[in-house]
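Please describe the model shown below.

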Amino acid sequence: MAQRLNTDYTRYHPKWYRRRMPIFWWLGKGAYLKFIVRELTSLSVAYAALLLLLQAWFATHGEDRYLQFTEWLQSAPIISLHVVVLLALLFHTVTWLGLAPKALVIKLGGRRLPDRLVLAGHYVAWGGTTVVLLWILLGVA
Amino acid sequence: MPRSREPILWALFSAGGMLSALVFPALAFVLWVAMPLGLVEPLAWQDMIGLVRHPLTRLFLFALVTLSLFHWAHRFRYTLYDGLQLYHLNQLIAVVTYGAAVVLSSVAGYVLLVVL
């Protein structure tokens with residue numbers, strides 16, 4: 001009879017105690033929120049990849065279709081959206097490069113390369129890539 | 001998802017994270033903010049098609065698009081898993097996220113390596 005009353009009780013296999021977490025647990029604290037926002041930047045990465053593909057795709061469909069696409073890019077709501085996407089992409093870059101020293105342990109002469117140097121190296125790589133891309137995109141036009 | 005596939009998925013996630021981190025801010029700023037706003041001269045169609053048809057550009061774009069999609073799939077999978085605690089839907093979420101990455105990568109391969 002007692003077993004009927006306590007539904008959590010099963011003989012020999014007591015149910016484990018588990019604290020129930022609210023679904024929006026990550027709203028409570030700044031660090032948790034930052035973690036979720038960082039994870040959600042992956043959406044902007046996928047969006048950018050598909051938009052880039054679409055832009056190339058439209059270019060192959062002749063000048064008219066390409067100009068239509070360019071016009072769409074110029075509309076105010078789309079520019080606003082893309083500013084948000086750009087900010088998310090920057091957040092992705094900064095947080096990703098920020099993890100590099102933790103993920104990458106470089107030993108030089110038996111000593112570990114300081115985190116700051118690894119981080120600086122990655123920022124140099126980012127700067128270099130950016131310069132090359134700007135040079136290509138602005139040089140072609 | 002069997003454990004043995006995890007390192008491959010993580011490698012794709014990681015490569016996509018790095019490549020997208022390095023190139024997307026510049027690309028997004030120039031192509032989708034600066035050019036539409038008229039801050040810099042927009043790419044004329046002839047220039048764009050010339051750039052996009054170059055074999056190196058196509059290979060680069062294919063790598064970028066594919067790895068970015070797998071980066072998204074892996075990260076988004078765990079965002080749903082941990083963020084919304086959908087532990088019981090683990091299998092379904094994995095199939096949908098990685099599946100989307102595979103399908104869209106195939107489209108990218110078709111467009112960039114076959115059509116262009």
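How many residues does helix 3 of chain B have, and what does helix 3 of chain B reach from its first C-alpha to its last? Helix 3 of chain B (residues 55–83) has 29 residues and reaches 41 Å, close to the 42 Å expected at 1.5 Å a residue. The expected span is 1.5 Å times one less than the number of residues.

## Basis of the description

This is a predicted model, in which local features need pLDDT of at least 70, side-chain atom pairs count only at pLDDT 80 or more, and totals for chains, interfaces and linings use all residues. Residues are numbered from 1 along each chain as its sequence is written, while chains are lettered from A and ligands numbered from 1 in the order in which they are written.

## Chain A

Chain A has five helices and two strands; helices (H or I, at least four residues) and strands (E, at least two) are DSSP runs, numbered from the N terminus. The order of the elements from the N terminus on is α-α-α-α-β-β-α. Of its 141 residues, 20% count as buried, a term for residues with 20 or more other C-beta atoms within 10 Å of their own, where 12 or fewer is exposed, anything in between is partly exposed, and C-beta atoms are placed from the backbone.

A:Leu87 is found in helix 4 of chain A. With 14 other C-beta atoms within 10 Å, A:Leu87 is partly exposed. A:Ala49 is 38 residues apart from A:Leu87 along the chain, and their C-alpha atoms are separated by 15 Å.

## Helices of chain B

The axes of helix 1 (residues 6–37) and helix 3 of chain B come within 7 Å and cross at roughly 120°. Axes are lines fitted to C-alpha atoms, for helices over the stretch in contact, and angles run from 0 to 180 degrees between N-to-C directions. That makes helix 1 of chain B oblique to helix 3 of chain B; angles under 35 degrees count as roughly parallel, over 145 as roughly antiparallel, 65 to 115 as roughly perpendicular and the rest as oblique. Among the contacting residues are B:Leu9, B:Phe13 and B:Gly16 of helix 1 of chain B and B:Leu64, B:Phe70 and B:His74 of helix 3 of chain B. Just after helix 3 of chain B, B:Gln85 has a positive phi of about 55°.

Helix 4 of chain B (residues 90–115) has 26 residues and spans 36 Å from its first C-alpha to its last, close to the 38 Å expected at 1.5 Å a residue. Its buried residues are B:Ile93, B:Thr97, B:Ala101, B:Leu104, B:Ala108 and B:Leu112. These buried residues pack against helix 2 of chain A together with helix 3 of chain B.

## Between the chains

In total, 47 residues of chain A are in contact with 48 residues of chain B, contact being C-beta atoms, placed from the backbone, that lie within 7 Å. On the side of chain A that touches chain B, the largest share, 16 residues, comes from helix 2 of chain A. The residues of that side divide into 35 nonpolar, 10 polar and two charged. Here Ala, Val, Leu, Ile, Met, Phe, Trp, Tyr, Cys and Pro count as nonpolar, Asp, Glu, Lys and Arg as charged, and the others, Gly among them, as polar.

Helix 2 of chain A packs with helix 1 of chain B at an angle of about 55°, their axes 11 Å apart. The two helices are therefore oblique to each other. The contact is made by A:Val45, A:Ala48, A:Leu52 and A:Gln55 of helix 2 of chain A and B:Ser20, B:Phe24, B:Leu27, B:Ala28 and B:Leu31 of helix 1 of chain B.

Conventions:
Contact = placed C-beta atoms within 7 Å.
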